Amino acid sequence: MCLNKMDESIKKTHPEKRLMKFICKNLYYLGCGQYWYESIDRSKFETTIYVLWAIITNVYLYGIIVNECLGHLRSNLTIKERNDLIQFTCAHPSIGLKFIILFIRRDQVKYMLKRLLEGTRSIFSSSDIDKASTQKAVFYCSTLMITTYSTLILTDLEAVIAYYKEGLPIRTEVTYYPKSVDTVAAKIFRFFIELHWWFFVTIMIQVDCLCYCALVYMSFKFKALQVYFEELGKIFSNPDKRSRKEIEKEFKEAFIVGMGLHEDTLDCAKTVQSTLGAIYSIQIFESLSLIVMCLVKLVHAKRNLMFLLADLSYITVMLVLTGVYMMVSGDITHEAYELSTSIFHCGWEMSNNRDIRALAVIAIQRSQVPVYMTGLGLIKLSYANFISVAVDRSRGPQAGANAIGTRWTTKGTLGPQRYGAARDAVVVLADAVCCLTYKLRNI
């Protein structure tokens, strides 16, 4: 009862914290470990039971993935099963790697969450911004959940239809064992294999939602800074019978506090990048690879309505997964850039104090340094990079790849001398996506 009351109070005063705590709690119950930064008292018995549960779930999780990889040793697979096997053995190990990286960095995640949710809240916070950031995070998380579970349902329906039409066993994940479902033990094992995909995807959703929320909250920290500097002008507009010297002193102190908040926010952005950057990188590689595979299946596989719905929904999930990372990271870059405008309009011009004007110049220069989240150490996560292939492909199958190649060979730190091999690899993948899309459009 006390816990429910506390959650309700957090919902009103700190909705960001409540949502993030809910995600961390889900990860804990799914056997992925503790990621919440606040200490929770648990008895020795509860801890022992949880460790046992975590071992069972992880052996189940990664044991089936190994079973999938061994499926390549089978020689009696149909063309559809072979295509699905290639697709899943690319996707599932990479997603499992995301879980492992997050678990290894769990202490860093706790530190990041504490800085993100509690860091400068005692100095300045806005309830309107907290609500807006939570609503945006919930929207992205809900979109991911709907598209992902829709794909699972459509894929299961496709498997059921194939069973009735072609007599194929109902299977979504292709594994080495069981090779048939003639025995009761094999049928029970097959049930747990089918359950594995839903369990696996549920954990994936929680991990990606945690990353989405961290990025959304990061962008709104810059938004809160904008509000802070915009409100500084009220110090001059509400003098309250104070002398000019006292007003300027108060403004200077508040401005210095704002500069400190900005530095803390920039450092927090670096913490988010260092903690979650590997997850963005895996997601980009995974999405590019799987979209290529799905397009290959669309070109070569025998097409029917359920197959098209299942395959297109799978592509949609990949686009949503990558697109949300790109868009929320682009919001961070945008809000950080807009901060310079808020500082310029904070009211410094109403002061005759040279120190304040010098501080304003320094603060504006500092805020004009771009803030980027990156994947693979070289790909800037932004709106531009997300839509570049989609926009340029209308000019021909090579245009999207050329656009990416040009973007990464322009003047700056991301030149070919340093990242040539990695750039070429991604350009090849992008080229394949563009070429296959171009062929599909002309079928």
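The structure is a predicted model, in which local features need pLDDT of at least 70, side-chain atom pairs count only at pLDDT 80 or more, and totals for chains, interfaces and linings use all residues. Residues are numbered from 1 along each chain as its sequence is written, and side-chain values use heavy atoms, with hydrogens and water left out.

The protein has 14 helices and two strands. Both kinds of element are DSSP runs, numbered from the N terminus: helices are H or I runs of at least four residues, strands are E runs of at least two. Of the 443 residues, 50% count as buried. Buried means under 20% relative accessible area, exposed means over 50%, and partly exposed lies in between (1.4 Å probe, protein chains only). Contact means heavy atoms within 4.5 Å. Among contacts between residues at least 6 apart in sequence, 77% join residues at least 24 apart.

An unreviewed UniProt entry places the feature "transmembrane region" at residues 47-65, 85-104, 197-220, 279-299 and 306-328. UniProt positions are given in the numbering used here, feature names are shortened, and annotations may be inferred rather than shown by experiment. Two of these spans were examined in the model. Residues 197-220 are 100% helix and 0% strand, with end C-alpha atoms 34 Å apart. Residues 306-328 are also 100% helix and 0% strand. Their end C-alpha atoms lie 32 Å apart.

Helix α5 covers residues 106-118, 13 residues in total. From first C-alpha to last, α5 reaches 18 Å, close to the 18 Å expected at 1.5 Å a residue. The expected span is 1.5 Å times one less than the number of residues. The buried residues of α5 are Val109, Met112, Leu113, Arg115, Leu116 and Leu117. Arg106 lies over the face of Phe103, at 4.1 Å from the ring centre. A charge sits over a ring if NZ of Lys or CZ of Arg is within 6 Å of the ring centre and within 35 degrees of the ring normal. Lys380 is placed over the face of Tyr372, at 4.3 Å from the ring centre.

Aromatic side chains form 19 pairs across the whole structure. Rings of Phe, Tyr and Trp (its six-membered ring) pair if their centres lie within 6.5 Å; planes under 30 degrees apart count as stacked, over 60 as edge-to-face and the rest as tilted. The rings of Trp36 and Tyr37 have centres 4.5 Å apart and planes at 35°, so this pair is tilted. Trp36 is buried at 3% relative accessible area, and Tyr37 is buried at 17%. Phe229 and Phe255 form an edge-to-face pair, 5.6 Å centre to centre with 70° between the planes. Phe229 lies in helix α7 (residues 184-231) and Phe255 in helix α9 (residues 244-300), so the pair ties together parts that are 26 residues apart in sequence. Ring pairs link Phe124, Tyr228, Phe229, Phe236, Phe251 and Phe255 into a cluster.

Helix α6 (residues 127-166) contains Glu158. Glu158 is buried, with a relative accessible area of 11%. Leaving aside neighbours within four places in sequence, Glu158 contacts Lys80, Met306, Phe307 and Ala310. Asp130 is also in helix α6. Asp130 is buried, at 5% relative accessible area. Residues up to four places away in sequence not counted, Asp130 touches Thr13, Pro15, Glu16 and Arg121.

Thr341 lies in helix α10 (residues 305-344). Thr341 is partly exposed, at 38% relative accessibility. The C-alpha atoms of Thr341 and Gln368 are separated by 9.4 Å, and the two residues are 27 apart along the chain.

A search of the whole structure finds zero disulfides. A disulfide is taken as a pair of cysteine sulfur atoms within 2.5 Å. The sulfur of Cys141 is 3.3 Å from the closest cysteine sulfur, in Cys209, which is too far for a bond. Cys141 is buried, at 8% relative accessibility. Cys69 is partly exposed, with a relative accessible area of 34%.
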